[in-house]
Amino acid sequence: MARTPAPKTNEIGIAGEFFVLHMLARLGYSPALTLGNTKGVDILVTCPNTSRVCRVEVKTSADALRAPRGRRWWTWLIGWPMSAPNQVFCFVHLGATIAETRCFLFKAADVVALEAECKATYAADAKDEEQRQRRLDADMPSIWFYEDEKGDEHESAWHLIDEAMSSHH
């Protein structure tokens, strides 16, 4: 039997978006996938009872987990994070099975702060000034966090959808 090729980057992203759509629908929301390359929003979520809306940005990776046997940590490239009061970021790690798929939710403002914190930490660990400056000028922002720190707090934090809807009037 021929081996299935690894999924392409855009296929991984679409799989993550559909995973989040599935979870939101199961939780009673009315999610709608945006088409095309809509900046800063992959899914618009409406609460059927109040008609309030939340914007969801999904970032997906099939290899977000680092150090699976030691102190587990997660990392995602995030592009340029935008922050709106009614926006939530969903960081999806596609596991080998649905049961192994993990989703971490953050308020957009927390992602912007976490990206700055990660960049400063990464720059501080540079071996010299040239490497420090390259790290500060990175073209593609990213975030990371340890599972036993932010991971426990943010995994499956679907309540942030309601909070984001409440902050948008």
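Residues are numbered from 1 along each chain as its sequence is written, and side-chain values use heavy atoms, with hydrogens and water left out. As the model is predicted, local features need pLDDT of at least 70 and side-chain atom pairs count only at pLDDT 80 or more, whereas totals for chains, interfaces and linings use all residues.

The protein chain contains five helices and eight strands, taken as DSSP runs numbered from the N terminus (helices, H or I, at least four residues; strands, E, at least two). Along the sequence, these elements follow the pattern α-β-β-β-β-β-β-β-α-α-β-α-α. Of the 169 residues in the protein chain, 38% are buried (buried means under 20% relative accessible area, exposed over 50%, partly exposed in between; 1.4 Å probe, protein chains only). Among contacts (heavy atoms within 4.5 Å) with a separation of 6 or more, 59% involve residues 24 or more positions apart.

Helix H2 (residues 108–124) and helix H3 (residues 129–136) have axes that come within 8 Å and cross at roughly 165°. The axes are lines fitted to C-alpha atoms, for helices over the stretch in contact, and angles run from 0 to 180 degrees between N-to-C directions. H2 and H3 are therefore roughly antiparallel (angles over 145 degrees; under 35 counts as roughly parallel, 65 to 115 as roughly perpendicular and the rest as oblique). Lys119, Tyr122 and Ala123 of H2 make the contact with Arg132, Arg135 and Leu136 of H3. Three residues of this contact are nonpolar, three are charged and none is polar (Ala, Val, Leu, Ile, Met, Phe, Trp, Tyr, Cys and Pro count as nonpolar, Asp, Glu, Lys and Arg as charged, and the others, Gly among them, as polar).

In helix H5 (residues 159–167), the buried residues are Leu160, Ile161, Ala164 and Met165. Viewed down the axis of H5, these fall within an arc of 145° and so line one face of the helix; the arc is that of the directions from the helix axis to the C-beta atoms. The buried residues of H5 pack against helix H1 (9–26) and strands E2 (43–46), E3 (53–61), E6 (87–93) and E7 (102–107).

Histidine 154 belongs to helix H4 (residues 147–154) and is buried, with a relative accessible area of 8%. Not counting residues up to four places away in sequence, histidine 154 touches Cys103, Phe104, Leu105 and Phe106.

Serine 51, in the loop between E2 and E3, has a positive phi near 65° and is exposed at 54% relative accessibility. Serine 156, in the loop between H4 and H5, has a positive phi near 55° and is partly exposed at 44% relative accessibility.
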